[in-house]
Amino acid sequence: MVLGGAGYAGLYRAVDEASAATALGTAWDLGIREFDTAPHYGGGLSEERLGRFLRTRPRAEFTVSTKVGRLLYDDPDAPDGAEGFYGAPKRSRRRDYSAAGVRRSLLESLDRLGVDRVDTLLIHDPDEHMAQALDEAVPALERLRSEGLTTGIGVGVNDVGVALRFVRDTDIDHVLIAGRYTLLDRRAETELLPACARRGVRVLVAGVLNSGVLADPLRQATFDYRAAAPAVVARARAMEWTCAKYGVPLRAAAMQFPARHPAVAGVVLGSGTRAEIADSVAMLNIEVPEELWAELADRALW
């Protein structure tokens, strides 16, 4: 299990400092030792909160990944809710996949996290900046790895084609793919996961609830960060009814599904509060019968 860093940094709703600390403490108490964050999450708030929490924990007992591609700068005019984050510092983001930008981004992240290195460094959402990401960011990550500032390097994206390009054309060793290997959307299954398996690339799957529709199709009818289309809601509700026949919550099947693939090393939890984290861990421990997996096998829309 990996705890993602957006939820406790105010994604969709503000989270106060005490609640964020409690959430992180709950994750730790439940055995989570791998943490994924990014400058993008809360405009640095995720890294700052995670750093304050981890400073009291032995460095050898946890791993942390962060990302490059967005530089932060103070902006007193930054609106609350910018890019979906509420209660965040007054900062804005600027895309930068240059070698200098990558180095600056990591050094600023290390300062916010209070560590001297990260375990994994990912290029974040380079979809519209592929040339610079491939020509400058990847070599920069390789240099940072040789300097001991990171152990693993890779890419974190929502787009299967983008991830596949990095796997095929570079020597990355990590992929974080969000929302593309779920009960509803299995686009990563055909080419990306086999390619990662062949090349020994470690895969983490995030966005396993597809922004909420696989948690509760009626009350959280969002898919890919926006209102879900009626066909998506209908398919998720049908899956929910199928799961109910076996006494299994839909979100339990959704959270467990990606790890059934041998190429997937872990699932990133998007939970941001103590209750959400406790529920997620409980869902991961529910037994899902093979008969249910068989019924869900051909239900994906993509």
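This is a predicted model: local features need pLDDT of at least 70, side-chain atom pairs count only at pLDDT 80 or more; totals for chains, interfaces and linings use all residues.
Local features are described where pLDDT is at least 70, side-chain atom pairs count only at pLDDT 80 or more, and totals for chains, interfaces and linings use all residues. Residues are numbered from 1 along each chain as its sequence is written, and side-chain values use heavy atoms, with hydrogens and water left out.

The protein falls into domain 1 (3-7 + 31-116 + 130-151) and domain 2 (158-301), with bounds that come from an automatic or database domain assignment. Between the C-alpha centres of domain 1 and domain 2 the distance is 24 Å. Domain 1 brings 13 residues to the contact and domain 2 brings 16 residues, where contact means heavy atoms within 4.5 Å.

The size of an interface is often given as the accessible area lost when the parts come together. Here, about 1,100 Å² is buried between domain 1 and domain 2, and carbon and sulfur atoms give 67% of this area. Buried area is the accessible area (1.4 Å probe) that two parts lose on being put together, summed over both. On the domain 1 side, L3, M130 and L134 lose the most area to domain 2, and together they account for 37% of what that side buries.

Polar and charged groups also take part in the interface. Two salt bridges are counted between domain 1 and domain 2, a salt bridge being a side-chain nitrogen of Lys or Arg within 4 Å of a carboxyl oxygen of Asp or Glu. Three residue pairs are in polar contact across the interface of domain 1 and domain 2, both residues being at pLDDT 80 or more. A polar contact is a pair of N or O atoms within 3.5 Å; within protein, one must be able to donate a hydrogen and the other to accept it, and residues adjacent in sequence count only if both atoms are side-chain atoms.

Which elements give two or more residues to the side of domain 1 that touches domain 2? They are β1 (2-4), β2 (34-36) and α4 (130-146); helices (H or I, at least four residues) and strands (E, at least two) are DSSP runs, numbered from the N terminus. The largest share of this side, six residues, comes from α4. By class, the side of domain 1 that touches domain 2 holds six nonpolar, three polar and four charged residues. In this grouping, Ala, Val, Leu, Ile, Met, Phe, Trp, Tyr, Cys and Pro count as nonpolar, Asp, Glu, Lys and Arg as charged, and the others, Gly among them, as polar.

The salt-bridge count comes to 25. One of these joins R13 and E276, with the closest N and O atoms 3.3 Å apart. This pair links distant parts of the chain, 263 residues apart: R13 is in the loop between β1 and α1 (17-29), and E276 is in helix α9 (residues 274-284). R13 is partly exposed at 30% relative accessible area, and E276 is also partly exposed, at 34%. For these labels, buried means under 20% relative accessible area, exposed over 50%, and partly exposed in between (1.4 Å probe, protein chains only).

D125 and R70 form another salt bridge, with 3.2 Å between the closest N and O atoms. D125 lies in the loop between β6 (118-124) and α4 and R70 in strand β4 (residues 70-74), so the pair ties together parts 55 residues apart in sequence. Both partners are buried: D125 has a relative accessible area of 16%, and R70 one of 7%. In the salt bridge of E189 with R186, the closest atoms are 2.8 Å apart; E189 is partly exposed at 27%, whereas R186 is buried at 17%. Salt bridges that share partners also join R180, D185, R187 and D224 into one network.

H174 is in strand β8 (residues 174-178) and is buried, at 14% relative accessibility. Its contacts, leaving aside residues up to four places away in sequence, include T120, L122, V201 and R202. The side chain of H174 makes a polar contact with the side chain of D173 (2.6 Å), and the D173 side chain meets that of R145 in a salt bridge (3.0 Å, N to O). H261 is in the loop between α8 (250-256) and β12 (264-269). H261 is buried, with a relative accessible area of 16%, and touches Y181 and L193, not counting residues up to four places away in sequence.
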